[in-house]
Structure formats: C-alpha cells, structure tokens
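Subject: Structure handover and findings

Hello,

Here is the structure for your files. My notes on it follow below.

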Amino acid sequence: VFLCVIWYTTSALSSNTGKAILIQFRYPVSLTIIQFAFVAAYCLMFMSPLIQFSRLRYPTRSILMTTLPMGAFQVGGHMFSSMAISRIPVSTVHTIKALSPLFTVGAYAMLFGVKYSIKTYISLLPLIVGVMLAFTFDVSASSPTGLFCAFGSALVFVSQNIFFKKVMPSGSQTTPDKLDKLNLLLYSSSMAFILMVPIWSFTDLPRLLSTQYNSHPNPFSFSLVCHFVMNGSVNFAQNIIAFVILSSTSPVTYSIASLIKRVWVICMAIVWFNQSIHPIQGFGIALTFVGLWMYNASKSDVEKGEKTMRRVEAIRNMVLPST
C-alpha cells in the first residue's frame, strides 16, 4: 500500500510538472530527451560505489539487442505523450490512454484471431462512450494534433506490451544476460536517449539555437530548472517503483493498482490545474472509470484468450510444450 501511494503520487507529479514545464517551455521533444537523461543518470548514481543498490552490468550484444526495442518503444510512447500534454489537458490525455484495453483486445482479435467472451466486449462500451464524452465537451479538445498524439501514445504502449509478451522470455524461462531492475532501466533509458538525439537535432535544437541567436530572454529560468529536476526525479521514481510492485505482486493485483493509478492521476490533474469540468465531461470521466473496472473484472477472460493465442502459435511453430 505504501509503495502504491508513492507510485500514484510520483505518477501524478510527473504528468503535472511536465505540463507546467511545457506551458513555459514549448519543446516537448526536449522534455522527453531530458527525462531519459535524468532516469539514466539516477540509475548510475544508485549503482555507484557510494550507494551500490546494484552492480553495473557491462554491455553485451545480447543486452543491447534486448534493450534496443524497449528504448524504441519508450521513445515513441513518451514523445507522443509529451506532445499531447503540451496541447491538451493532462486529464484528457490520461482519459484517452484509458482506452488501452480496447486497443489491446482489438489487436489480439484482429492480428492473432483471439476470441473473447461477450462480457469482455460489453466492458469496453463504457470506456468508448466515456472517453468520447470526456473530450467532446473539453474546449481544448479542438487541438486535433494533441488528441492524435494522445491516441498515438496509447497505441505505442499497447504495442510495446504485445511485443514483449510475444518476444521476451516469460516466467520460468531465463537468459544468461537477464538484467535486474536498475540495469534494465539504465539500458532501456540510455537506448531511448541515444535514439532521441537525431530526432531532437532535427526538431527542437534548431528552434532553441534560433531563440538564443535572436537574443530572446533565456528560456531556462530558475523555476523552470527546478521543475525539470523535480520532473526527472519523479519520473525515475515512478519507473523503478512500477518495477518493484510488478515483481512483488501478481499480475491481477498490479492491473488493479494500475487502474487506481489512472483514476488518481486524472483527478489530481483536474485539481492541480484548477480545471473546470463540464457536467457531461465529468460523467464521461466517471464512465471511463466504470469501464476500466469492468474490464479489470473480465481480466481472466482476456488472459485466457492471450494464452490460447500463444498456444496456437507454439503449435504452428512446432514448439514442444514445457512445464
């Protein structure tokens, strides 16, 4: 419970401080690359001889090939998220991200032919209607780019989950280069940072140089730097706490905790920015929460469908069953 409270708080702070930064400093790609740099730096600090929470694993080909796809997904998901937050409210972004179960079920049904029960499909209806009502009555939802980026972020993270369930070793399977939490976070963030450098060089860097060249006021004020430090710190904290909770609880418990986190982040964003909520928009957000709860209740049916998909693929690839 204590870890969950910290996780919810750091997640809300990460989104809200990110929005506060982007109000003053409208460079979402720069914010994303700085976040990856902070996470990698914190990982190295906690693995230093003075603290030594973990030992630094030297990179091997296997480690780099494992963490490269993770870094690529992180780049897409976080960059879309930052671009969305810079254009529309945090609560709207996370309400749209709550459609992740719909994208997951749709992807498994269309790509892998997985069939779900009627209970699962019914649970998705409140999600769809709730999200539609939530941003239909939002005055800032007139930014189609922001809405597109929020949907893009949700799709990238769903694709990441499907990719790792399909490709990465599971449960009892181990690899010689299996990484602990800090090393995994270090290498995935470092890979994401490296992949972000060319994107940042072509997008935000020319604009930042132009601002400096034209003798505009320095965009990095003291309050902005403080926001960056806080954002980087809580971003690292929410990542490492999520790993700890996932490793110490069952998948069902983790999914319930994630559901409550989504509700908490949306409510905190509304309070933090003193956001006025249209009654129908509030009803839409509440309906989204109901949909998430109903989807979580049918989670066992969803997991059964995913196991069926993996079994069919294993038979197709002539893989022997293991116990």
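First, a definition: buried means under 20% relative accessible area, exposed means over 50%, and partly exposed lies in between (1.4 Å probe, protein chains only). This is a predicted model, in which local features need pLDDT of at least 70, side-chain atom pairs count only at pLDDT 80 or more, and totals for chains, interfaces and linings use all residues. Residues are numbered from 1 along each chain as its sequence is written, and side-chain values use heavy atoms, with hydrogens and water left out.

Overall fold

The chain has 13 helices and 0 strands. Helices (H or I, at least four residues) and strands (E, at least two) are DSSP runs, numbered from the N terminus. Of the 323 residues, 46% are buried. The chain exposes about 17000 Å², and carbon and sulfur atoms supply 70% of that area. Areas come from the Shrake-Rupley method with a 1.4 Å probe; for residues, only the protein chains shown count as cover. Take the contacts (heavy atoms within 4.5 Å) with a separation of 6 or more: residues 24 or more positions apart account for 88% of them.

The salt bridge

The structure holds 1 salt bridge. The term means a side-chain nitrogen of Lys or Arg within 4 Å of a carboxyl oxygen of Asp or Glu. The partners are R207 and D204, at 3.3 Å, N to O. Both lie in helix α9 (residues 204–213), 3 residues apart, about one turn of the helix. Are the two partners buried or exposed? R207 counts as partly exposed because its relative accessibility is 41%. D204 is at 3%, so it counts as buried.

Cores

A nonpolar core is a set of buried Ala, Val, Leu, Ile, Met, Phe, Trp, Tyr and Cys residues joined through side-chain atoms within 4.5 Å. The largest one has 35 residues. Those with the most contacts inside it are I21, F25, V93, L127, A150 and F228. Helix α7 (residues 144–167) gives the largest share of this core, 6 residues. A second, separate core has 19 residues, including W7, A40, L182 and Y254.

L127 and T288

L127 sits in helix α6. Its relative accessible area is 0%, so L127 is buried. Leaving aside neighbours within four places in sequence, L127 contacts A98, L99, P101, T288, G291 and L292. T288 lies in helix α12 (residues 279–297). T288 is also buried, because its relative accessible area is 0%. Not counting residues up to four places away in sequence, T288 touches T95, A98, P126, L127, G130 and V131.

Surface patch

Which residues form a nonpolar patch on the surface? They are I118, Y121, I122, L125, I128, V129 and M132, with about 640 Å² of accessible area together. Patches are made of residues with over 30% relative accessible area and no salt bridge; like charges are joined within 9 Å, nonpolar side chains (Val, Leu, Ile, Met, Phe, Trp, Tyr) within 5 Å. One of the patch residues, L125, lies in helix α6 (residues 118–136). L125 is exposed because its relative accessible area is 51%.

W264 is in helix α11 (residues 251–272). At 38% relative accessibility, W264 counts as partly exposed. Beyond its neighbours within four places in sequence, W264 is in contact with Y8, T9 and A12. W264 and A12 are 252 residues apart along the chain, yet their C-alpha atoms are separated by 7.4 Å. Q52 has phi near 50°, a positive value in a residue other than glycine. Q52 is in the loop between α2 (28–46) and α3 (61–85).

Record annotation

The unreviewed UniProt entry annotates "transmembrane region" over residues 30–51, 63–86, 98–114, 121–139, 145–164, 184–202 and 279–297. UniProt positions are in the numbering used here, feature names are shortened, and annotations may be inferred rather than shown by experiment. In the model, residues 63–86 are 96% helix and 0% strand, with end C-alpha atoms 34 Å apart. Residues 98–114 are 76% helix and 0% strand, with end C-alpha atoms 21 Å apart.

Best regards
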